[in-house]
Amino acid sequence: MSPLLEVSDLVKTYPVKRNMLGRVRERAVVTDHVSFTVERGETLGIVGESGAGKSTVGRLVLRLIEPDSGSVMFEGRDVLGLSRKELLAFRQRAQMIFQDPFSSLDPHMTIRDAVGEPLSIHRGLKRAERDAEVTALLERVGLRSDQLDKYPREFSGGQLQRIAIARALTTEPDFIVCDEPVAALDVSIQAQVLNLLIDLQRERGLAYVFVSHDLSLVRFLAHRVAVMQNGVIVESGPTEQVFTDPQHPYTKKLLDAIPDPRAHFLARRAESGFGRAVPMTAGSVKES
Ligand SMILES: Nc1ncnc2c1ncn2[C@@H]1O[C@H](COP(=O)(O)OP(=O)(O)O)[C@@H](O)[C@H]1O
Ligand SMILES: [Mg+2]
């Protein structure tokens with residue numbers, strides 16, 4: 001069976017210099033022949049410093065931006081060749097969660113409407129069905145039903161990220177790109193949101209590409225890791241292998257630079273197998 005997602009040789013450049021006539025004289029290479037796969041139910045962590053090209057990869061995969069060259073296959077289908085209509089269908093199966101949940105929510109919409117909207121648009125649910133599903137989804141991510149008629153400004157960052165997760169789940173996706181989803185949250189809240197993502201993965205067999213500059217977070221929840229430097233994946237492999245036996249000098253440098261005391265805590269939890277859900281492969285689910 002083909003992987004859920006197969007990315008091959010993605011190249012994305014942006015113009016950086018133009019001549020007097022506006023012709024592009026030089027282009028910056030932001031992703032340079034990036035390739036990886038993601039299996040059903042699996043988390044691939046993409047780590048690297050700011051500017052490495054991680055967010056660009058996430059957006060290319062969902063075809064929010066177009067690559068210069070390369071291919072993205074989802075369930076064996078060519079995402080870059082999809083028609084407009086097929087692309088809309090693909091975007092239900094493949095969702096994205098951003099660092100700043102506030103900017104991804106309409107400030108004038110209640111949470112009930114924000115989460116209900118995709119249910120009406122994509123699944124054509126009637127009001128009562130829609131309300132029932134919104135309530136169930138928001139309760140699932142940890143909000144109380146008496147909070148549903150509030151507006152985004154009335155929630156904390158952690159609650160907003162839970163709401164954004166609920167909204168992403170409305171289309172019953174198989175795959176979510178999580179782009180630094182807890183980077184803006186207090187450390188004490190980060191673990192709660194990460195644990196929610198892990199629980200949802202177990203329940204729904206979700207696959208994640210989890211983009212982060214924070215190696216300890218990636219160690220906590222990724223099954224495999226790709227290390228990105230200046231647009232290039234310099235090393236990839238099973239998480240524990242990359243963390244305990246890094247091969248590339250850049251990976252070693254990143255690991256040596258982890259300043260965060262949480263690293264030890266999270267690493268211990270990761271070693272005990274606490275964090276990661278077991279990926280689902282070809283119909284078999286194993287529990288460790
Ligand atoms: N729309 C754009 N136009 C020009 N350059 C861009 C654009 N988007 C991203 N870049 C450049 O691409 C590089 C990688 O950006 P990004 O993917 O956001 O990195 P990361 O998420 O790893 O911090 C950066 O140098 C950034 O300036
Ligand atoms: Mg980024």
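**Salt bridges, a helix and a buried lysine**

Start with Glu-203 and Arg-140, which form a salt bridge whose closest N and O atoms sit 2.5 Å apart. This pair ties together distant parts of the chain, with Glu-203 in helix H6 and Arg-140 in helix H4 (residues 127-140), 63 residues apart. Glu-203 is partly exposed at 46% relative accessible area, and Arg-140 is partly exposed too, at 26%. Bear in mind that this is a predicted model; the protein averages a pLDDT of 90, and 90% of the residues score at least 70. Take care with residues 280-288, though, where pLDDT stays under 50.

Now follow H6 itself. The helix runs over residues 187-204, and its 18 residues should span 26 Å, so the 26 Å between its end C-alpha atoms agrees. Its buried residues are Gln-190, Val-193, Leu-194, Leu-196, Leu-197, Ile-198, Leu-200 and Gln-201. After H6 comes Gly-205, with a positive phi near 65°.

Back to charges: the whole structure holds 15 salt bridges. Among them, Lys-17 pairs with Glu-26 at 3.2 Å between the closest N and O atoms, and Asp-146 meets Arg-144 at 3.0 Å. There's also a network of salt bridges linking Arg-40, Glu-75, Arg-93 and Asp-174.

A polar atom of the Lys-54 side chain does lie 3.0 Å from the backbone oxygen of Gly-48. Other residues that Lys-54 touches include Ile-46, Val-211, His-213 and Met-228.

Note on methods
Residues are numbered from 1 along each chain as its sequence is written. Chains are lettered from A and ligands numbered from 1 in the order in which they are written. This is a predicted model: local features need pLDDT of at least 70, side-chain atom pairs count only at pLDDT 80 or more; totals for chains, interfaces and linings use all residues. Side-chain values use heavy atoms; hydrogens and water are left out. A polar contact is a pair of N or O atoms within 3.5 Å; within protein, one must be able to donate a hydrogen and the other to accept it, and residues adjacent in sequence count only if both atoms are side-chain atoms. Contact means heavy atoms within 4.5 Å. Helices (H or I, at least four residues) and strands (E, at least two) are DSSP runs, numbered from the N terminus. The expected span of a helix is 1.5 Å times one less than its number of residues. Buried means under 20% relative accessible area, exposed over 50%, partly exposed in between (1.4 Å probe, protein chains only). pLDDT is the predictor's confidence in each residue, from 0 to 100. A salt bridge is a side-chain nitrogen of Lys or Arg within 4 Å of a carboxyl oxygen of Asp or Glu. Lists of a residue's contacts leave out its neighbours within four places in sequence.
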